[in-house]
Amino acid sequence: MIGGIKVVDNLLSGGKVFASAISLLDKFTYNEFLLLNLLTIIAIRNKMKNWKRKIIGGLCLTSIAFVFQACYGTPQDFGSDLLIEGEVKAKATGLPIKGIRVSIADNIQYTNTDDNGKFSFYIERSRSLSFRFSDIEANQNSQFINKDTLLTINNSVLNSAQPKVFLNIELENK
Amino acid sequence: MVSILNQALFRMFKEMETKRHELNYLFWECTTRCNLNCRHCGSDCSKDSSYKDMPLDDFLKALDTIESPSENFTVVLTGGEPLLRKDIEICGREIRKRGMRWSMVSNGYLYDSEKHISLLNAGLGALTISIDGLENSHNWLRNNDKSFERVDTAIGLAANSSRLNFDVVTCVNKRNIQELESIREYLIKKAVKAWRLFTIVPIGRAKEDDEMFLTENQFVELMDFISKSRTRKDIDVKFSCEGFVGKYELKVRDSYFFCRAGINIGSILIDGSISACPNIDRTFKQGNIYTDNFFTVWQTKYDLFRNRSWTKTGQCAECKDYKNCQGNGFHYWHGEKKNVLVCHNQQIEMI
């Protein structure tokens with residue numbers, strides 16, 4: 001019935017309900033069609049309940065009725081960040097480099113690559129980010145040349161619920 | 001007239017929210033160890049808690065029972081002092097891996113630049129830090145001479161992060177009530193955008209200390225201070241949602257009073273107990289993650305939280321404002337539960 005649920009969603013979001021319903025008759029058995037109708041009614045009822053809730057919440061002049069914090073808790077987080085993950089390797093050997101500092105222009109945050117040359121951190125969501133990869137442990141590593149990279153993030157990534165970007169970086173030896 | 005209609009609509013809204021009881025705010029009492037020994041502590045926390053920190057895996061198993069977490073679902077790490085946990089960043093990252101968000105309540109003592117960065121890196125999204133006065137009165141309440149200096153650093157770091165949804169909270173008492181204007185100016189200078197004020201609940205260590213509690217006149221003074229401060233644009237000052245404040249409703253906060261404990265707010269406490277806000281009397285626990293499925297408990301229990309008619313007792317029994325107040329904040333029901341511990345509205349009406 002997963003297909004059926006998708007159809008219900010389509011029915012609710014599209015306008016051609018009648019035409020869709022007629023075409024469905026060919027695709028489902030009679031029992032499935034009855035179940036589909038039931039699901040449609042439930043979905044419409046749920047949607048209407050949510051509208052009613054939003055209308056009433058809005059009408060009582062509490063625009064923040066849906067945003068709250070527990071009295072001894074924190075404000076809610078609206079998730080305006082982005083997960084940056086990546087791997088830093090030596091261009092010459094292809095081997096991962098540990099201890100490379102990954103930082104962003106005009107941002108207090110930074111992180112370092114681990115033993116596998118990997119890094120991962122959340123930063124504030126932004127369309128364009130200017131990264132710097134610096135060899136802060138030049139004595140231990142092979143003295144790599146610092147690298148600056150400008151990352152432009154497209155809308156589909158930025159607007160997703162859990163935006164994530166993976167960077168593959170190669171550093172050249174000095 | 002408009003106000004009466006609004007309140008009636010808000011009651012309808014509360015009923016709908018209660019029926020829906022969507023979990024979108026989960027406290028995790030991840031430790032009861034604390035590096036301070038505050039005079040007003042409701043949990044009697046200390047350095048040597050009798051409980052060990054809850055293992056992360058135990059918490060995650062409970063978290064994983066939540067089917068389709070709501071939009072903006074947030075796990076709020078609280079304590080004790082959460083920063084005493086060495087694995088706090090790992091905890092945060094594990095929560096984020098599950099598509100959920102996390103935030104933290106801290107006394108700020110251990111919140112330095114390095115910690116600030118590592119927490120942001122781990123996906124911290126919201127933070128509350130408490131400051132209870134200017135230097136002398138804060139240090140007095142916190143029982144620690146360096147406490148103000150440390151929290152000052154923490155506030156500076158957090159307030160300057162555009163990523164964090166950050167606010168400062170203050171427990172108003174007899175010592176700091178005269179400092180509220182100076183605290184507000186201090187916070188504005190530190191670039192703090194939001195400030196929440198509380199009174200102190202007469203439980204735990206605070207119970208026997210009269211200096212913790214405002215007189216009726218002082219409470220009204222507090223309401224007037226908040227109400228006046230809310231006309232300013234440079235900082236959002238509000239009274240916490242701890243209780244119903246009658247004629248000051250909407251003058252001291254953005255919304256009418258609505259205690260969402262057990263309606264939208266759940267908790268997993270240090271011993272695995274399943275409840276609502278951590279300051280609620282522990283006899284209200286609804287289950288335990290070590291024996292029950294957390295989400296099943298959330299979906300099927302919490303009757304006392306979702307039907308509060310039992311609070312129509314003691315002084316609430318004949319109260320004309322009961323329909324809007326419904327027994328004040330849930331955390332004001334302790335012990336025998338025969339009467340509410342504090343009635344804010346009564347304090348206002350006595351003046």
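Reply: Start with burial: a residue is buried if 20 or more other C-beta atoms lie within 10 Å of its own, exposed if 12 or fewer, and partly exposed in between. The model here is predicted. In chain A, which has 174 residues, 21% count as buried.

Me: What pattern does chain A follow along the sequence?

Reply: Chain A has four helices and seven strands. Their order along the sequence is α-α-α-β-β-β-β-β-β-α-β.

Me: What share of the contacts in chain A with a separation of 6 or more comes from residues 24 or more positions apart?

Reply: For chain A, that share is 57%.

Me: Where is A:Val165 found, and why does it count as partly exposed?

Reply: A:Val165 is in strand 7 of chain A, residues 164-171. It counts as partly exposed because it has 16 C-beta neighbours inside 10 Å. Setting aside neighbours within four places in sequence, A:Val165 is in contact with A:Leu82, A:Ile84, A:Leu151, A:Ile153 and A:Val157.

Me: Which residues touch the most other members of the largest nonpolar core?

Reply: The general idea is that nonpolar side chains tend to be buried together in soluble globular proteins. Here the largest nonpolar core has 119 residues, and B:Trp28, B:Ile155, B:Ala158, B:Ala261 and B:Ile268 touch the most other members. Helix 6 of chain B (residues 147-159) gives this core its largest share, seven residues. Beyond its neighbours within four places in sequence, B:Ile268 has contacts that include B:Leu26, B:Trp28, B:Phe59 and B:Phe294.

Me: How is chain B divided into domains?

Reply: Domain 1 of chain B takes in 43-87 and 264-301, and domain 2 covers 107-240. Their centres, taken over C-alpha atoms, are 25 Å apart. Six residues from domain 1 and eight residues from domain 2 make up the contact. On the domain 1 side there are one nonpolar, three polar and two charged residues.

Key: Residues numbered from 1 in each chain as written. Chains lettered and ligands numbered in written order. Predicted model: local features only at pLDDT ≥ 70, side-chain atom pairs only at ≥ 80, totals over all residues. Helix = DSSP H or I, 4+ residues; strand = E, 2+ residues; numbered from the N terminus. Contact = placed C-beta atoms within 7 Å. Domains from an automatic or database assignment. Nonpolar A, V, L, I, M, F, W, Y, C, P; charged D, E, K, R; others polar. Core = buried A, V, L, I, M, F, W, Y, C linked by C-beta atoms within 7 Å.
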